[in-house]
Every structure is written in C-alpha cells, then in structure tokens.
Amino acid sequence: MKFNEKLLKLRKEKGYSQEELAQMLGVSRQAISKWEVSDSYPEIENVLEISKLFQVSTDYLLNDQQEEMNVLKEESEKKHYGFLLGVIISVIGLIFSAMGWYENQTFREISIGIIIQLGGVVTYELLKGNRSKDFVFYSIFVLLVFPYVSMMLGMYILNFYPSPYEFFMPFIVNGVIYIFLCGVGIVLAKIITRKDK
C-alpha cells in the first residue's frame with residue numbers, strides 16, 4: 001500500500017474530511033487532495049504531524065513494502081503451521097492404525113487411523129496459505145498412509161500362496177506392495193500438484 005492510499009485510509013477511518021485534516025495540519029485542502037492522489041508528497045514536517053495525528057509510525061507511512069511484507073510473513077507462518085499440523089495429524093493416524101493392527105489385523109481396526117490421516121489432509125488444505133509445499137506434503141502423506149494398507153493387501157495375496165511359506169515371505173510381499181503403492185501415490189501427487197499450479 002502506498003503513502004497516498006494509507007493517508008486516505010487513515011483519514012476515512014477517523015472520519016475526517018479533507019478540509020478538517022487540512023486545518024489540523026495547517027495546509028490547504030488542495031494539498032491533502034494532491035497527497036491522496038499522488039500528485040505530490042508532503043514535506044517531512046507534515047509526515048511527522050500525520051504520524052502523530054493518526055498514531056502510526058513514519059516508517060509505516062513511508063515504507064510501501066512493510067505492509068506487503070507483513071502479509072507475506074503471516075501467509076508463510078500459516079503455511080508452515082498447516083504443513084506441520086497436517087503431518088502431525090497424519091502421524092497420529094498412523095499410530096492409531098498401528099494399535100488397531102496390533103489388536104486384530106483387520107481393515108476395520110486400521111480404518112480409524114486412516115480417517116484421522118485424512119483429517120491431516122483436510123487440516124493442511126485449510127491452513128496451507130499457498131500451494132508451494134503441496135507435493136512434499138502429499139508425498140509424506142502417501143508414505144504414512146500406506147504401511148498398514150499394504151499389510152492388509154499382503155495378507156490377502158498370501159492367502160493364494162501355497163502354505164507353508166518361509167517366514168520372510170510376508171515381509172517381501174508387504175514391502176513390494178508398499179513400494180508399489182508409494183510409487184504410484186507419489187507420481188499421482190506430482191501430476192495433481194503440477195496441474196494445480
């Protein structure tokens with residue numbers, strides 16, 4: 001926001017007319033009008049008086065970039081918190097899935113954790129600010145959501161494998177499924193986040 005826009009905004013917030021402001025500053029109404037349309041700028045003494053009158057810093061009045069920097073800083077903080085909160089909620093969902101898997105090894109038991117992880121995605125989407133970290137977030141999400149899904153698929157596939165099988169066979173099957181699902185998920189995340197830009 002430029003000086004003229006700030007002056008106009010401050011004057012309207014206080015409810016002063018150009019004439020009233022001119023009288024307070026000891027200048028003509030035409031001077032105020034010119035300042036508000038950027039036809040001219042006040043002298044430093046007038047800037048100091050404006051600063052005192054509206055109780056703002058001279059830096060605020062004269063620095064066009066300060067307000068933009070504050071907005072960018074707020075967006076950056078929002079984006080950072082959205083990213084962290086989304087990942088933390090996804091990790092909590094993974095822990096719930098782990099507890100469910102430990103109890104019964106059924107999809108119903110891990111579904112609560114997956115629902116919590118989807119809540120992490122919703123949280124990220126609501127707080128992210130902009131799309132710059134979408135690919136990173138969704139890649140992490142894919143890595144966190146598929147461990148127990150791949151174990152469920154692995155158990156299903158091993159039902160078709162002749163018994164008895166070696167003790168390491170479930171690890172190999174689950175690992176291959178996990179790597180495949182993560183690969184597909186990350187490729188899809190890349191395609192989707194590139195399309196949204």
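The lining of the largest pocket comprises ten nonpolar, two polar and four charged residues, where Ala, Val, Leu, Ile, Met, Phe, Trp, Tyr, Cys and Pro count as nonpolar, Asp, Glu, Lys and Arg as charged, and the others, Gly among them, as polar. The model is predicted: local features need pLDDT of at least 70, side-chain atom pairs count only at pLDDT 80 or more, and totals for chains, interfaces and linings use all residues. Residues are numbered from 1 along each chain as its sequence is written, and side-chain values use heavy atoms, with hydrogens and water left out.

The largest pocket has a volume of about 180 Å³. A pocket is defined on a 1 Å grid over the protein atoms alone, as an open set of points with protein on both sides within 12 Å along at least five of seven lines; a cavity, in contrast, is a set of points where a 1.4 Å probe fits but cannot get out. Grid points are joined across faces, edges and corners, and the volume is the space filled by probe spheres set on the points. Lining residues are those with an atom within 4 Å of a point. The largest pocket has 16 of them, and Tyr138, Gly185, Leu188, Ala189 and Ile192 lie nearest its centre. Helix H8 (134–158) and helix H9 (169–196) each contribute at least two lining residues, and H9 gives the most, with eight.

These helices belong to a protein whose secondary structure consists of nine helices and zero strands; helices (H or I, at least four residues) and strands (E, at least two) are DSSP runs, numbered from the N terminus. Along the sequence the pattern reads α-α-α-α-α-α-α-α-α. Of the 197 residues, 34% count as buried, where buried means under 20% relative accessible area, exposed over 50%, and partly exposed in between, with a 1.4 Å probe and protein chains only. Among contacts (heavy atoms within 4.5 Å) between residues at least 6 apart in sequence, 62% join residues at least 24 apart.

Ser150 illustrates such a link. This residue lies in helix H8 and is buried, because its relative accessible area is 2%. Leaving out residues up to four places away in sequence, Ser150 touches Asn174, Ile177, Tyr178 and Leu181. Ser150 and Leu181 are 31 residues apart in sequence, yet their C-alpha atoms are 7.7 Å apart in space.

At the other end of the chain numbering, helix H1 covers residues 3–14. Its twelve residues should span 16 Å at 1.5 Å a residue, and its end C-alpha atoms are 17 Å apart, which agrees; the expected span is 1.5 Å times one less than the number of residues. Phe3, Asn4, Lys6, Leu7, Leu10 and Arg11 are buried in H1. Seen down the helix axis, these buried residues fall within an arc of 160°, so they line one face of H1; the arc is that of the directions from the axis to the C-beta atoms. An α-helix has 3.6 residues a turn, so residues three or four places apart point the same way. On the other side of H1, Lys12 and Glu13 are exposed. The cover over the buried residues of H1 includes helix H2 (18–25), helix H3 (29–36), H4 and helix H5 (58–62). After H1 comes Gly15, with a positive phi near 80°.

Apart from its neighbours within four places in sequence, Asn4 is in contact with Trp35, Glu36, Val37 and Ser38. Ser38 itself lies in the loop between H3 and H4 and is partly exposed, at 30% relative accessible area. The phi of Ser38 is positive, near 65°. Most residues other than glycine have a negative phi.

Gln55 is another residue other than glycine with a positive phi, near 55°. Gln55 is placed in the loop between H4 and H5 and counts as exposed, because its relative accessibility is 69%. Helix H4 (residues 44–54) holds Ser51, which is buried at 11% relative accessibility. Not counting residues up to four places away in sequence, Ser51 touches Val56, Ser57, Thr58 and Leu61.

Helix H7 (residues 107–127) repeats the check on helix length: its 21 residues should span 30 Å at 1.5 Å a residue, and its end C-alpha atoms are 30 Å apart, which agrees. The buried residues of H7 are Ile110, Ser111, Gly113, Ile114, Gln117, Gly120, Val121, Thr123 and Tyr124.
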